[in-house]
Amino acid sequence: MRRIKEGVYDGHSAITSLPATMYRLLPAHPSHHLSHALPFRRDAWRISFGQLDTFDEQDTLAWLARLHELGRLYHLWHQEEIIGQLELSPALVRPDGAQEGYLYLLYLCEPWRGRGAGLWLHDQALARIRAAGSHRAGLRVGPGNTRAVNFYRRLGWQPVGTPDARGQLMRHDLFPRPNQEAL
């Protein structure tokens with residue numbers, strides 16, 4: 001069983017060769033952290049789509065400003081260093097009336113990938129989605145990001161539909177359905 005306290009990694013959530021490390025997930029402000037937010041978005045685009053020709057910096061800046069305004073943009077800190085970024089909507093109402101959270105971006109700097117920080121960040125994202133009352137989460141993985149697809153599948157995310165040029169839509173049920181036993 002994973003045990004996570006808000007904003008503090010307890011050393012039990014990931015199998016890693018690193019000692020238990022303190023992480024903090026704090027709201028990000030584009031004007032203060034633009035030197036991180038924009039390059040993180042750019043790198044995520046490159047990983048997902050294999051190129052930067054279609055990356056639109058002005059649209060991305062507007063997106064980051066909107067996320068900040070809504071309180072949905074976070075940076076992951078290790079000590080005094082920003083090592084990742086989380087963008088999410090914890091509670092969207094779908095056309096069928098169901099409430100679902102959505103992860104727009106779960107990003108880690110290269111040196112932090114595969115070391116447990118991604119699992120910690122993922123758990124923090126799902127905790128925020130659950131706290132908002134959503135019973136399911138969604139995300140889209142870019143077509144070139146097979147490492148992310150494998151990461152999410154290991155954590156119980158299921159593909160939805162057929163991948164397209166924008167990538168693979170995935171969903172995760174956050175609570176067992178009435179006819180399912182809790183894990």
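1. Phenylalanine 151 and tyrosine 152 are both buried, a term that denotes under 20% relative accessible area, with exposed over 50% and partly exposed in between (1.4 Å probe, protein chains only). The model is predicted: local features need pLDDT of at least 70, side-chain atom pairs count only at pLDDT 80 or more, and totals for chains, interfaces and linings use all residues. Residues are numbered from 1 along each chain as its sequence is written, and side-chain values use heavy atoms, with hydrogens and water left out.

2. Aromatic pairs number 9 in the structure. Rings of Phe, Tyr and Trp (its six-membered ring) pair if their centres lie within 6.5 Å; planes under 30 degrees apart count as stacked, over 60 as edge-to-face and the rest as tilted. One of the pairs joins tyrosine 23 to tryptophan 112, edge-to-face, at 6.3 Å centre to centre with 80 degrees between the planes. Because tyrosine 23 lies in strand 1 (residues 23-27) and tryptophan 112 in the loop between strand 4 (99-108) and helix 3 (117-131), this pair ties together parts that are 89 residues apart in sequence. Helices (H or I, at least four residues) and strands (E, at least two) are DSSP runs, numbered from the N terminus.

3. Tyrosine 23 is buried at a relative accessible area of 2%, and tryptophan 112 is buried at 8%. The rings of phenylalanine 151 and tyrosine 152 are also edge-to-face, because their centres are 5.2 Å apart and their planes stand at 70 degrees.

4. Two arginines lie over ring faces: arginine 115 over tryptophan 112, at 4.5 Å from the ring centre, and arginine 128 over tyrosine 74, at 4.9 Å. The criterion is that NZ of Lys or CZ of Arg is within 6 Å of the ring centre and within 35 degrees of the ring normal.

5. Helix 3 is largely enclosed by the rest of the structure, because 12 of its 15 residues are buried. Among them are Trp120, His122, Asp123 and Arg128. Glycine 133, with a positive phi near 95 degrees, follows helix 3.

6. The largest nonpolar core has 35 residues, and those with the most contacts inside it are Leu76, Leu86, Leu103, Tyr152 and Trp157. Such a core is a set of buried Ala, Val, Leu, Ile, Met, Phe, Trp, Tyr and Cys residues joined through side-chain atoms within 4.5 Å. Helix 3 supplies its largest share, 7 residues. Apart from this core lies another, of 5 residues, including Ala28, Leu64, Leu67 and Leu73.

7. Leaving aside residues up to four places away in sequence, leucine 103 touches Leu86, Glu87, Leu88, Ala125, Ile129, Gly138, Leu139 and Trp157, where contact means heavy atoms within 4.5 Å.

8. Strand 6 (residues 158-164) and strand 7 (residues 167-173) pair in the antiparallel sense over 4 bridges; pairing requires that DSSP finds at least two bridges between the strands. The two strands form a hairpin with 2 residues between them, and aspartate 164 stands opposite glycine 167.

9. Asparagine 145 occupies the loop between strand 5 and helix 4. Asparagine 145 is buried, at 17% relative accessibility, and it contacts Ile47 and Ser48 when neighbours within four places in sequence are left aside.
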